[in-house]
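Take a look at the protein model below and keep it open while you read. We'll go through its rings, its charged pairs and its inside, bit by bit.

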Amino acid sequence: MPARSCLVPKYCFHRPSGRAYVRIHGRVVYCGKFGTAKSKMEYARLVAELAASGNCQSSATPTSDLTVVELCAAYLDYSVGYYKKNGLPTRSVEEIKAAIRILTTLYGQTPATDFGPLRLLAVQAALAQKNARSYVNKLVGYVKRIFKYGVSRQLLPPSVHTALTTVDGLKLGRTIAREPEPIMPVPDEIVDATIAFLPAVVADMVRLQRLTGCRPGEVCQLRPCDVDRSGEVWRYRPEHHKTEYKGRERTIFIGPKAQAILLPYLRRDAAAYCFSPADSVEKHKEKLRARRQTKVQPSQQIRCKKRPDKLPGDRYCRNSYCQAITRAVTNANKARAKEAAEMGVEPVLLPRWTANQLRHARATEVRHQFGLEAAQVSLGHSKADITQTYAERDARLGVEVAKKIG
């Protein structure tokens, strides 16, 4: 259900009493003697509270007739404006929509004041049927946040959200929800086998990310103006990064091997993106032209679209980057299956992997050679415990200890 449209109520004159009043959703609120500074200040306060509520409900008293679907519509309008980065909604908005879908399906027409812990547990159980435990806990957290929003706008009494906070998240081994598989580092031999089927530009993106440990989004938005080449080790400071809203800086260190990969892409306009799908398409066409053994016929030139429906963009996004990797793995496995069929043996297929696993591989390598603190700095984490989820523990240390004192 769409949120109600916000209209600024008028400053009105009540002739019989000589007082000023404002009408908010059918309710008359008196502000004092008409025309006085005090009445105008009271009017301004009521209008400001109405605007701050975000869904055109009066913040003077909680509304008992507000349904769950109306509350969700108001929060969704708020979240689209709040969870935004570079002018675009973040992934949080999609997760909020997923939480709202299950919430409104089960309790859409329920009065929001009647939504209590037992009903939240029912939502949690419905989510646990098909989703991983961590994802269920995240969506249930968003449900609580929706009702917290209602309390903060004085649409609901505080007791509603307080009661919902008593519902704990799902615990490991004590729920039917499945456990998500941990993200492991991708071995270099699998990366190398995949690179052979990647476009040249995306292959260099993969190599650069493997050497620097940057996030997929950070390698996609790299520009020459963001790279400081004054020192022996270059410093890449992304224009936008994951934790910039917390006021933190992000510096990615680029060593000699990574510099050799990146250098050809820096010879362009300083504000242009280094890795462009348009460049990738052009290189692919050059490769096809080089392999061509016959001339292009006039009929073929006529069939070529001068204005294609969709032109390649000026930069890769995280999704298109990951899709290119997935497509390369699929093509590599098709080639392996065909070769194995010709030889009459079982094919050895490559496992599916994502760009984020390159970051895990880099973290594990740095931790093994230089320790946890070095991995923390390399990945740009503020806390070492976050780095431990990326960098796999080195089992060889345990083996050495067992040899000596076990």
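There are 12 aromatic pairs in this predicted structure. To count as a pair, rings of Phe, Tyr and Trp (its six-membered ring) need centres within 6.5 Å; planes under 30 degrees apart are called stacked, over 60 edge-to-face, and the rest tilted. Tyrosine 78 and tyrosine 82 make a stacked pair, with 5.5 Å from centre to centre and 15° between the planes. They sit four residues apart in helix α2 (residues 68-82), so about one helical turn separates them. Helices here are DSSP runs (H or I, at least four residues), strands are runs of E (at least two), and both are numbered from the N terminus.

Buried or exposed: what is tyrosine 82? Tyrosine 82 is exposed at 52% relative accessible area, while tyrosine 78 is partly exposed at 29%. The cut-offs are under 20% for buried, over 50% for exposed, and partly exposed in between (1.4 Å probe, protein chains only).

Now for a tilted pair: the ring centres of tyrosine 265 and phenylalanine 275 are 4.8 Å apart, with the planes at 50°. Both residues lie in the loop between α10 and α11 (277-291), so the pair ties together parts 10 residues apart in sequence. Tyrosine 265 and phenylalanine 275 are both buried.

A quick word on how to read all this. Numbering runs from 1 along each chain as its sequence is written, and side-chain values use heavy atoms, with hydrogens and water left out. Since this is a predicted model, local features need pLDDT of at least 70 and side-chain atom pairs count only at pLDDT 80 or more, while totals for chains, interfaces and linings use all residues.

Phenylalanine 275 also leads us to the inside. Its contacts (heavy atoms within 4.5 Å) include Val201, Asp204, Leu208 and Leu262, leaving aside residues up to four places away in sequence. Phe275 is also among the residues with the most contacts inside the largest nonpolar core, which has 38 residues; Val206, Leu262, Tyr321 and Trp353 are the others. A nonpolar core is a set of buried Ala, Val, Leu, Ile, Met, Phe, Trp, Tyr and Cys residues joined through side-chain atoms within 4.5 Å. Elements giving two or more residues to this core include α8 (200-212), α10 (256-262) and α13 (318-343). A second, separate core has 37 residues, Val140 and Leu156 among them.

On to charges. The structure has 12 salt bridges, each a side-chain nitrogen of Lys or Arg within 4 Å of a carboxyl oxygen of Asp or Glu. Here are some of them:

| Salt bridge | N to O distance |
|---|---|
| Asp188 and Arg210 | 2.9 Å |
| Arg207 and Asp204 | 2.9 Å |
| Glu365 and Arg362 | 3.9 Å |

Which bridge partners link distant parts of the chain? Aspartate 188 in helix α7 and arginine 210 in helix α8 do, at 22 residues apart. Aspartate 188 is partly exposed at 36%, whereas arginine 210 is buried at 14%. Arginine 207 and aspartate 204, by contrast, are three residues apart in helix α8, about one turn. Glutamate 365 and arginine 362 are also three residues apart, in helix α14 (residues 356-370). Shared partners join Asp188, Arg210, Arg362 and Glu365 into one network of salt bridges.

Finally, the whole chain: 17 helices and eight strands, with 37% of its 406 residues buried.
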